[in-house]
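Welcome! Here is a short tour for anyone meeting this structure for the first time.

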Amino acid sequence: MAKKRPQTKAKRPQLTDGQIPVVGAREPCPCGSGRRYKACHGRAAAQAVTELVHRPFEGLPGECDWVALRELVPAATVELTLKDGLPEGVPSVTLATVLPMAWPALRRDDGSVLLGLQNDTPSGDISRDLADTLRRALTAEPGTPVQARRAPADGPRLQDLLDPKGPFEPVVHDGFEFWVPDPENATPDVTASLERANAAAIPTVKLTGVDSAYWCETPEKNHLRWVMPHPEEQLLDALARLHAAGTSSLGEGTRLVGSFRAHGLTVPVWDLPSEVRAEDVEKPAAEFAERLAAALATDAPLTADERRARGGLTNRQVTLS
């Protein structure tokens, strides 16, 4: 039977949490407490890694579009603005929905950085994981991908690295040609990979008249998916008021069918006839935004019809994250 570890009475080093190095879970904690790491500072570190951050993109410019690009949009890119400017030798940093081979990030031959958004992340804080990947990509050797790893629990988040006043303007692409600088002269293997990825991508268009609304085309019908920043309960009440009044559609043949939950935000979804294109819903979406604003400003109790409409919308919610 193993002996208990004796408790030392020697003067212990005074280390702050930020100075505690990560060691094996069963090793003595470097803080000098005499306890194993997993029972001391490792407990907080493990909790920080596994605790789910409900709104990981909160506080970033374009939070709604971050959510859309993470969950809904197949192929898109956004130029990112770093808080401290670009390091020497890094001409640009670009957020991409997906990268080849599901790489978390890629440092291109010219030194530019591509950061993948739709990868699985090892912790409960997507923002911290992406920030760790971004920092490593900025110093990676040109021409190399960045592999996934568990981010330090006390590491920075995207909110610490990105300029809060910087623009966030997604560019939606028809395919993944942005993966390579010169797709027309790519190798046969790269060309085949691009063809497979492009074949699986659902055609998607970002509306220009309202924020964070994305039209997409599927074989049976088209859809509009609109990421909204309003608190969920308030938004559902407002949608229920419009639904009960018969004003929740985007025109003839369209129908509000439910919503997604994703990263702390709500994403109402409309079914559209297959002949309705993105440009066809620009004006109806802008008009709906005005009706929704009025409904959001109403604080009267829901009527019986509105409560029934709200129940139907709630039953048709799907959680994506």
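Two strands count as paired if DSSP finds at least two bridges between them. With that in mind, look at T77, which stands opposite V171 in β6. Please remember along the way that this is a predicted model.

**The chain as a whole**

The protein chain holds eight helices and twelve strands. Of its 321 residues, 45% are buried. How much of the contact pattern links residues 24 or more positions apart? Among the contacts in the protein chain with a separation of 6 or more, such residues account for 60%. The accessible surface comes to about 17,300 Å², and carbon and sulfur atoms contribute 52% of that area.

**Strand β1 and its partners**

Strand β1 covers residues 76-79 and is joined by two bridges to strand β6, residues 171-172. These two strands run antiparallel. Strand β1 is also joined to strand β2, residues 93-96, this time by three bridges and again in an antiparallel manner. Within that pairing, V78 stands opposite L95 in β2.

**An open sheet of six strands**

Next comes an open sheet. In which order do its six strands lie? The order is β7-β8-β9-β11-β10-β12, and the pairing is mixed. At the edges are β7 (204-206) and β12 (317-319), each of which pairs on one side only. From one strand to the next, the twist averages 25 degrees.

The table below gathers the strand pairs named so far.

| Strand pair | Bridges | Direction |
|---|---|---|
| β1 and β6 | two bridges | antiparallel |
| β1 and β2 | three bridges | antiparallel |

**Space inside**

Finally, let us look at the cavities. The structure holds three cavities of 30 Å³ or more, and the largest cavity contains about 110 Å³ of space. Its lining consists of 14 residues. Which of them lie nearest the centre of the largest cavity? They are P104, D120, T121, D129 and T133. The elements that give two or more residues to this lining are β4 (113-116) and α3 (126-139). Of the elements, α3 gives the most to the lining of the largest cavity, with five residues.

Technical notes:
Residues are numbered from 1 along each chain as its sequence is written. This is a predicted model: local features need pLDDT of at least 70, side-chain atom pairs count only at pLDDT 80 or more; totals for chains, interfaces and linings use all residues. Side-chain values use heavy atoms; hydrogens and water are left out. Helices (H or I, at least four residues) and strands (E, at least two) are DSSP runs, numbered from the N terminus. Buried means under 20% relative accessible area, exposed over 50%, partly exposed in between (1.4 Å probe, protein chains only). Contact means heavy atoms within 4.5 Å. Accessible areas come from the Shrake-Rupley method with a 1.4 Å probe; for residues, only the protein chains shown count as cover. Axes are lines fitted to C-alpha atoms, for helices over the stretch in contact, and angles run from 0 to 180 degrees between N-to-C directions. On a 1 Å grid over the protein atoms alone, a cavity is a set of points where a 1.4 Å probe fits but cannot get out, and a pocket is an open set with protein on both sides within 12 Å along at least five of seven lines; lining residues have an atom within 4 Å of a point. Grid points are joined across faces, edges and corners, and a volume is the space filled by probe spheres set on the points.
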